[in-house]
Amino acid sequence: MRISARLMAASALAVLVSACGAGAPVQTAASTPPVQEVAASTEDAAERQIADLLARMSLERKVAQLIMPDIASVTPADVEKYRFGTVLNGGNSGPYNNDFAPAEDWLKLADEFWEASTKSLANGEPAVPMIWGTDAVHGHANVIGATIFPHNIALGATGDPDLIRKIGAATAVEIEITGIDWTFAPTVAVARDDRWGRTYESYSEDPVRVAAMGVAMVEGLQGKPGDDDFLGAGRVIATAKHFFGDGGTAQGVDQGEVNGDIEDLKAVHVTPYPPAIDAGLGSVMASFNSINGKKMHGNKALLTDLLRGEMGFDGLVVGDWNGHGQIKGCTNTDCPQAMLAGLDVYMVPEDWKGLYETTLAQVKDGTIPEARIDEAVVRVLRIKQRAGILDGEVKPSLRPNAGDWSKLGSADHRAIAREAVAKSMVLLKNDGVLPIKEGANIMVAGTAADSIAQQAGGWTITWQGGGELTNDDFPGATSILAGIQDAAKAAGGSVDFSLYGTLAEGQEPDVAIVVFGEEPYAEFVGDRKDLAFRDEEGLKTLRRLKDAGVPTVAVFLSGRPMWVNRELNVADAFVAAWLPGSEGAGVADFLYGKTGTNGALSFSWPAGCDGDPLNGPDGALFPVGFSRSMNNTAPFGTLSEECAALDAGGASDWFTAGRLAERVKALSKGTEIPDLRGAAGGVVARGIDRNTQEDAREITFGPGTALDLSGPQGGNAYRIAYQVTQRPAGPVVLASNGSTLDISREMLVAEGKGWREMVLTPACLAGLSNALTIRSEAPFSIQISAIAREDAAEGAECSF
């Protein structure tokens with residue numbers, strides 16, 4: 001049935017493109033005969049409806065179908081004027097500019113957008129309802145009160161596709177409740193370098209496991225093709241992302257370069273897509289990264305020839321956040337290359353008006369053939385049709401599940417999430433302290449123990465998660481501490497909570513549970529240079545309790561495997577708890593041995609801290625598939641605590657907090673080393689605020705100007721905290737002791753990505769010394785908040 005539908009769609013498109021090519025007046029009555037021919041040739045009512053709509057749409061309305069603004073920068077009045085086909089909410093975009101908007105406001109705004117898109121148009125043009133896309137990547141987690149499921153890295157550890165299918169179905173219902181039609185999930189990235197800030201969005205380093213979990217999530221969200229509820233009540237449009245290679249960038253740099261033999265890359269990073277397509281996948285999101293130097297948003301060989309031709313995908317290809325603007329020769333408001341490469345919808349959050357006007361002009365002047373526009377519009381209309389959006393003209397609040405607030409964060413959904421949490425826990429060490437005994441008196445310690453925000457991680461209410469969020473922002477959710485308290489009470493025991501594991505006089509708990517781990521982050525903000533876990537709060541607490549003779553259980557929250565040898569050595573039991581989400585009681589279920597099954601690693605756990613890619617048993621402390629049962633108390637010896645990333649000496653902060661360090665001032669006597677102030681030689685530096693008043697500098701280069709960044713004698717590397725606010729219009733080159741490095745591409749990719757870290761070593765600047773200059777051949781602006789000289793480990797690579 002699916003093959004037949006795909007063949008009919010291809011037949012319809014072939015006729016449509018030939019009848020509606022560049023210059024054909026498809027928006028007038030003159031197009032009626034070709035449309036009728038399409039309907040007759042396919043005898044397919046669905047394609048007839050799409051062809052009829054297309055024929056009656058003006059070019060202006062067609063182009064608007066392909067522009068996706070963000071709700072923070074577009075209003076219902078804008079939608080009524082332009083008739084955009086889609087909108088999205090970004091990670092920090094809530095209804096009416098309120099990240100903490102109540103669920104009712106999401107549905108209210110969905111109605112307002114729908115009503116604006118369906119108001120009658122003149123001249124017989126059809127009013128095509130718009131659809132709304134959201135990043136519901138671990139539940140409908142932008143919405144207060146929704147069920148927040150564990151992130152994908154935890155779901156991969158469950159190894160349970162049936163459970164993932166249930167999670168998808170529950171998430172779809174909660175999305176429907178708020179009137180939204182479409183989710184940008186699942187992420188089917190195969191993370192191959194755990195330094196990547198999005199590792200937790202990957203199910204596994206194993207493409208086969210990712211494929212199995214991805215299909216299960218697609219089926220949970222959309223239903224199965226041929227079933228009565230496929231894209232019906234309780235289902236939403238799914239998106240597999242990011243096509244392709246997002247998990248394979250060099251050094252795990254988000255949005256970076258993926259290099260290698262194309263067939264080898266496909267064998268890893270394309271593997272999850274064909275099964276998802278066969279499962280009826282509605283949409284695919286193009287990736288930010290480059291493949292062998294070419295940005296995916298502009299890669300016709302991969303977006304069209306591979307995805308459409310070889311793989312047979314007939315759904316919608318949507319861009320990622322201004323991803324088209326990263327293509328060489330493009331800007332956020334001008335990029336025909338992406339449309340010509342096979343993108344169907346531009347995700348252009350703020351610059352939608354400029355891109356709309358430019359794209360419209362480019363179709364009129366022939367830069368973009370109208371046939372390519374028609375092809376993309378047909379795909380937008382088709383996904384709307386398959387989701388029932390074109391039928392019945394029913395606004396969001398009147399659709400199934402809409403406004404049924406009893407289902408948002410319902411007990412049934414939370415029970416599914418709790419099961420997923422318990423099944424995702426991976427026991428790395430156990431000297432016999434687990435499972436916790438009935439009647440045990442427990443100490444719980446750690447600032448993460450009672451933080452739902454930390455256990456949920458990024459993409460939770462806000463883009464980065466954490467921050468200002470408190471437990472009050474998670475109604476109905478359970479912290480790990482609260483879950484343990486409830487479990488202990490039911491088992492006849494007791495719980496004392498101490499942030500740092502401080503024992504009162506005479507206090508002798510049977511066991512202490514120390515909860516610690518990574519702070520929340522999302523996307524490139526989570527990129528790391530190594531896998532050393534540096535926060536020593538948990539380590540100090542574990543050592544303090546060990547010294548007091550208290551048995552300890554370490555519960556480690558993280559978005560990736562990390563080097564925690566020090567903590568593993570001191571704890572009596574160690575649990576990789578990942579990012580469990582809103583149901584902390586699932587952690588307690590595991591600790592008390594109520595789950596029956598343990599999770600298994602879907603990523604290799606590193607023996608060393610350097611973070612070099614680890615995808616197999618070599619160099620792994622624990623390999624993929626490792627799972628220790630509760631009754632396995634075999635010791636594995638004392639682990640090495642040597643870590644060059646922690647021990648690297650010679651670190652020398654010479655520019656920090658907006659000024660030269662006092663030691664550096666004394667060395668330079670205020671003259672030899674620049675203080676990044678004032679103007680010289682066409683370069684202007686001014687004080688700006690990053691965290692405190694004027695703690696950073698904005699440096700603006702004129703054409704052909706250079707800035708001396710030479711530092712004091714010190715280590716063999718530079719570490720620079722920077723932010724790019726204006727992409728370079730020409731080459732930007734670093735120079736040191738006769739070596740040069742063109743960083744133009746890296747600076748282009750960094751534009752608009754917030755504060756990042758540049759590490760320069762002899763690996764990319766062979767003659768690197770304390771002499772360093774940056775030169776720009778065209779206008780360019782960069783912000784710098786810190787510069788340090790340090791000793792890098794031998795062979796350490798450069799990164800940006």
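Which residues lie nearest the centre of the second largest pocket? They are Phe288, Trp321, Asn322, Trp463 and Gly752, from a lining of 31 residues. The model is predicted: local features need pLDDT of at least 70 and side-chain atom pairs pLDDT 80 or more, while totals for chains, interfaces and linings use all residues. Residues are numbered from 1 along each chain as its sequence is written, and side-chain values use heavy atoms, without hydrogens and water.

**Second largest pocket**
- The space in this pocket (on a 1 Å grid over the protein atoms alone, an open set of points where a 1.4 Å probe fits, with protein on both sides within 12 Å along at least five of seven lines; lining residues have an atom within 4 Å of a point) is about 590 Å³.
- Its lining divides into ten nonpolar, eleven polar and ten charged residues.

**Largest pocket**
- About 1,500 Å³ of space lies in the largest pocket.
- Of the 50 residues that line the largest pocket, Arg528, Lys529, Asp530, Arg719 and Glu757 lie nearest its centre.
- Two or more lining residues each come from α22 (644–647), β26 (717–726) and β29 (756–760); helices have at least four residues and strands at least two, as DSSP runs.
- The lining of the largest pocket comprises 24 nonpolar, six polar and 20 charged residues.

**Surface patch**
- Phe497, Leu499 and Tyr500 make a nonpolar surface patch of about 270 Å² (residues with over 30% relative accessible area and no salt bridge, nonpolar side chains joined within 5 Å).
- Phe497 lies in strand β14 (residues 494–498).
- Phe497 counts as partly exposed because its relative accessibility is 36%, between the limits of 20% for buried and 50% for exposed.

Key
Grid points are joined across faces, edges and corners, and a volume is the space filled by probe spheres set on the points. Ala, Val, Leu, Ile, Met, Phe, Trp, Tyr, Cys and Pro count as nonpolar, Asp, Glu, Lys and Arg as charged, and the others, Gly among them, as polar. Patches are made of residues with over 30% relative accessible area and no salt bridge: like charges are joined within 9 Å, nonpolar side chains (Val, Leu, Ile, Met, Phe, Trp, Tyr) within 5 Å. Accessible areas come from the Shrake-Rupley method with a 1.4 Å probe; for residues, only the protein chains shown count as cover. A salt bridge is a side-chain nitrogen of Lys or Arg within 4 Å of a carboxyl oxygen of Asp or Glu. Buried means under 20% relative accessible area, exposed over 50%, partly exposed in between (1.4 Å probe, protein chains only).
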